[in-house]
Amino acid sequence: MSKKLVAYFSVSGVTAKVAQEIAAVEGADCFEIRPETPYTAADLDWRNPASRSTVEMKDLNCRPALAGSVQNMGDYGVVFVGFPIWWGREPSAVDTFLTAYDFGGKRIVPFCTSGGSDIGETAQRIQALVGEHACVDAGKRLGGEVSEADLKIWTEGLQL
Ligand SMILES: Cc1cc2nc3c(=O)[nH]c(=O)nc-3n(C[C@H](O)[C@H](O)[C@H](O)COP(=O)(O)O)c2cc1C
């Protein structure tokens, strides 16, 4: 049976916590998507049009370099991909991750946390990034305080 991976990007820990809970419920491995240059508080200031995150997110082709990689991606049949919503979509570092591997034949299950925005059209963007040979779920916004019981209901419904 192929293994499951929970890959996540998180700057303030909310998505990281949910990712670890999903990994525990699913018996999945965890991988943190880490940018080579970590984001500072100033980088994350969405009110500043010149901040790193604002500049990166305005450029749909921005692919910030990552630190580390998944050496055994071939072992995984299901890859959960978690991230905070930035400017209504997945952060650019997640785009780097999604374009760094061959996801052909895999199922990708996106999930996000946010200040309130839903996952929107992020799954369609992810599908375009990974190509038609991967199967991308619609994905789900999960509150930072989602219970283990609710996570189990969600993952059981996925029928992985
Ligand atoms: C640069 C930036 C942009 C954001 N844009 C949005 C947004 O468009 N909609 C929203 O609901 N929350 C937005 N947020 C809030 C985060 O999605 C939210 O705080 C998230 O849970 C943080 O997850 P993390 O702790 O894993 O980084 C933004 C946060 C940052 C830093």
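The largest nonpolar core here has 32 residues, and A7 and F80 have the most contacts inside it. A nonpolar core means a set of buried Ala, Val, Leu, Ile, Met, Phe, Trp, Tyr and Cys residues joined through C-beta atoms within 7 Å. "Buried" means 20 or more other C-beta atoms within 10 Å of a residue's own, "exposed" means 12 or fewer, and "partly exposed" is in between, with C-beta atoms placed from the backbone. Keep in mind that this is a predicted model: local features need pLDDT of at least 70, side-chain atom pairs count only at pLDDT 80 or more, and totals for chains, interfaces and linings use all residues. Numbering starts from 1 along each chain as its sequence is written.

- β5 supplies the largest share, 5 residues.
- Setting aside neighbours within four places in sequence, A7 touches F31, I33, V79, F80, V81 and F97; a contact here is a pair of C-beta atoms, placed from the backbone, within 7 Å.
- As background, nonpolar side chains tend to be buried together in soluble globular proteins.

**Overall fold**

- The protein chain has 5 helices and 8 strands, in the order β-α-β-β-α-β-β-α-β-α-β-β-α along the sequence.
- Helices (H or I, at least four residues) and strands (E, at least two) are DSSP runs, numbered from the N terminus.
- The radius of gyration is 15 Å, which agrees with the value near 15 Å for a compact globule of 160 residues; this is taken over C-alpha atoms, and the globule rule is 2.2 Å times the number of residues to the power 0.38.
- The C-alpha trace spans about 45 × 30 × 25 Å along its principal axes.
- Of the 160 residues, 32% count as buried.
- Among contacts with a separation of 6 or more, 74% are between residues 24 or more positions apart.

**Ligand shell**

- The ligand is surrounded by 20 residues, the closest being S10, S12, T15, P84 and G115; the cut-off is a C-beta atom, placed from the backbone, within 6 Å.
- α1 gives the most to this shell, with 3 residues.
- The shell has 9 nonpolar, 11 polar and no charged residues.
- For those classes, Ala, Val, Leu, Ile, Met, Phe, Trp, Tyr, Cys and Pro count as nonpolar, Asp, Glu, Lys and Arg as charged, and the others, Gly among them, as polar.

**Helix α4**

- T122, I126 and V130 are the buried residues to look at in α4.
- They sit on the same side of α4, because they cover an arc of only 65° around the axis; the arc is that of the directions from the helix axis to the C-beta atoms.
- Q124 and A128, on the other side of α4, are exposed.
- The cover over the buried residues of α4 includes β5, α3, β6 and β7 (135–136).
- Just after α4 comes G131, with a positive phi of about 95°.

- Most residues other than glycine have a negative phi.
- W87 is not a glycine, yet its phi is positive at about 50°.
- W87 lies in the loop between β5 and α3 and is partly exposed, with 14 other C-beta atoms within 10 Å.
- Q159 also has a positive phi, near 50°, and is found in the segment after α5 (148–158).
- Q159 counts as exposed, with 5 C-beta neighbours inside 10 Å.

Methods:
Two residues are in contact if their C-beta atoms, placed from the backbone, lie within 7 Å.
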